Amino acid sequence: MKTFVGILLLLFCGTFYGQLAQVDIPVSLEVGNISPGGIATMYCEKSENGNYTFFYKDAKYIHIEEWKSFYLDTEQDFESLYNITMDNFSTMPKDDIVLEADNGYIYLSYGKTLGAKLVRFAFTSSKSDHANIGFSKEYTQKQVQRLFGKR
């Protein structure tokens with residue numbers, strides 16, 4: 001009986017050992033970043049599968065460093081977001097521009113501070129009034145160009 005329990009125990013332990021599997025982490029290349037004062041507040045990465053992911057510090061919190069992200073599936077969506085963002089610096093719309101992405105909604109809010117034209121990115125996974133929304137700091141046109149790797 002002791003032998004049977006010992007063999008059963010060895011087989012049972014062997015199944016736990018067999019549960020581990022190596023995972024390949026996809027390589028991402030940084031497209032651009034915004035780092036005022038050397039501290040990154042927003043950056044964009046392109047993954048091996050062609051997704052563009054934007055990461056930004058949520059400006060809603062002062063004492064908590066929380067990073068949010070959204071992604072775009074194609075090069076065409078990436079270029080479209082860049083063109084829409086840059087084109088609206090000339091018109092400076094008063095209302096937010098809402099863009100539908102695959103994983104949620106991107107909001108672009110334009111404003112002026114001391115004569116400088118600025119844009120703020122925001123993202124939410126739902127259009128509901130109670131949806132959690134995170135927003136970036138406000139950025140100038142040159143900073144947005146750096147974010148998209150255009151400078």
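Colleague: Which lysine forms a salt bridge with glutamate 75?
Modeller: This is a predicted model. In it, the closest N and O atoms of the pair are 3.7 Å apart, inside the 4 Å limit for a salt bridge. Glutamate 75 belongs to helix 2 (residues 75–91) and its partner to strand 2 (residues 42–47), 29 residues apart. The partner is lysine 46.

Colleague: How many residues apart in sequence are glutamate 79 and lysine 150?
Modeller: The side chains of glutamate 79 and lysine 150 meet in a salt bridge, at 2.9 Å from N to O. Glutamate 79 is in helix 2, whereas lysine 150 is in the segment after helix 3 (141–147), so the pair ties together parts of the chain that are separated by 71 residues.

Colleague: What is the relative accessible area of lysine 150?
Modeller: Glutamate 79, its salt-bridge partner, is partly exposed with a relative accessible area of 24%. Lysine 150 counts as partly exposed too, and its value is 35%.

Colleague: Which strands does the salt bridge between arginine 120 and glutamate 138 tie together?
Modeller: The closest N and O atoms of arginine 120 and glutamate 138 are 3.8 Å apart. The two residues are 18 apart in sequence, with arginine 120 in residues 116–124 and glutamate 138 in residues 133–139, so the strands tied together are strand 7 and strand 8.

Colleague: How many charged residues are in the lining of the largest pocket?
Modeller: The largest pocket has a volume of about 170 Å³. Its lining includes Asp58 and Glu66, along with Lys57, Glu65 and Lys137. By class, the lining has four nonpolar residues and one polar residue, and the charged ones number five.

Colleague: What is the relative accessible area of serine 136?
Modeller: Serine 136 sits in strand 8. Not counting residues up to four places away in sequence, serine 136 touches Met42, Tyr56, Lys57, Ala59, Arg120 and Phe121. Serine 136 is buried, and its relative accessible area is 0%.

Colleague: Which serine is in contact with methionine 42?
Modeller: Methionine 42 is one of the core residues that touch the most other members. Leaving aside neighbours within four places in sequence, its contacts include Asn33, Ile34, Phe54, Trp67, Phe70, Phe121, Tyr139 and Leu147. The serine among its contacts is Ser136.

Colleague: How far apart in space are asparagine 88 and leucine 108, C-alpha to C-alpha?
Modeller: Asparagine 88 lies in helix 2 and is buried, with a relative accessible area of 14%. Beyond four places in sequence, asparagine 88 touches Pro93, Ile97 and Tyr110. Leucine 108 is 20 residues from asparagine 88 in sequence, and the C-alpha to C-alpha separation is 9.3 Å.

Colleague: What percentage of the residues of the chain count as buried?
Modeller: The chain has three helices and eight strands, running α-β-β-β-β-α-β-β-β-β-α from the N terminus. Among contacts between residues at least 6 apart in sequence, 38% join residues at least 24 apart. Of the 151 residues, the buried percentage is 33%.

Definitions and conventions:
Residues numbered from 1 in each chain as written. Predicted model: local features only at pLDDT ≥ 70, side-chain atom pairs only at ≥ 80, totals over all residues. Heavy atoms only, no water. 1 Å grid on protein atoms, 1.4 Å probe; cavity = no way out; pocket = protein on both sides within 12 Å on 5 of 7 lines; lining within 4 Å. Points joined across faces, edges and corners; volume = space filled by probe spheres on them. Nonpolar A, V, L, I, M, F, W, Y, C, P; charged D, E, K, R; others polar. Helix = DSSP H or I, 4+ residues; strand = E, 2+ residues; numbered from the N terminus. Buried < 20%, exposed > 50% of the residue type's maximum accessible area, 1.4 Å probe, protein only. Contact = heavy atoms within 4.5 Å. Core = buried A, V, L, I, M, F, W, Y, C linked by side-chain atoms within 4.5 Å.
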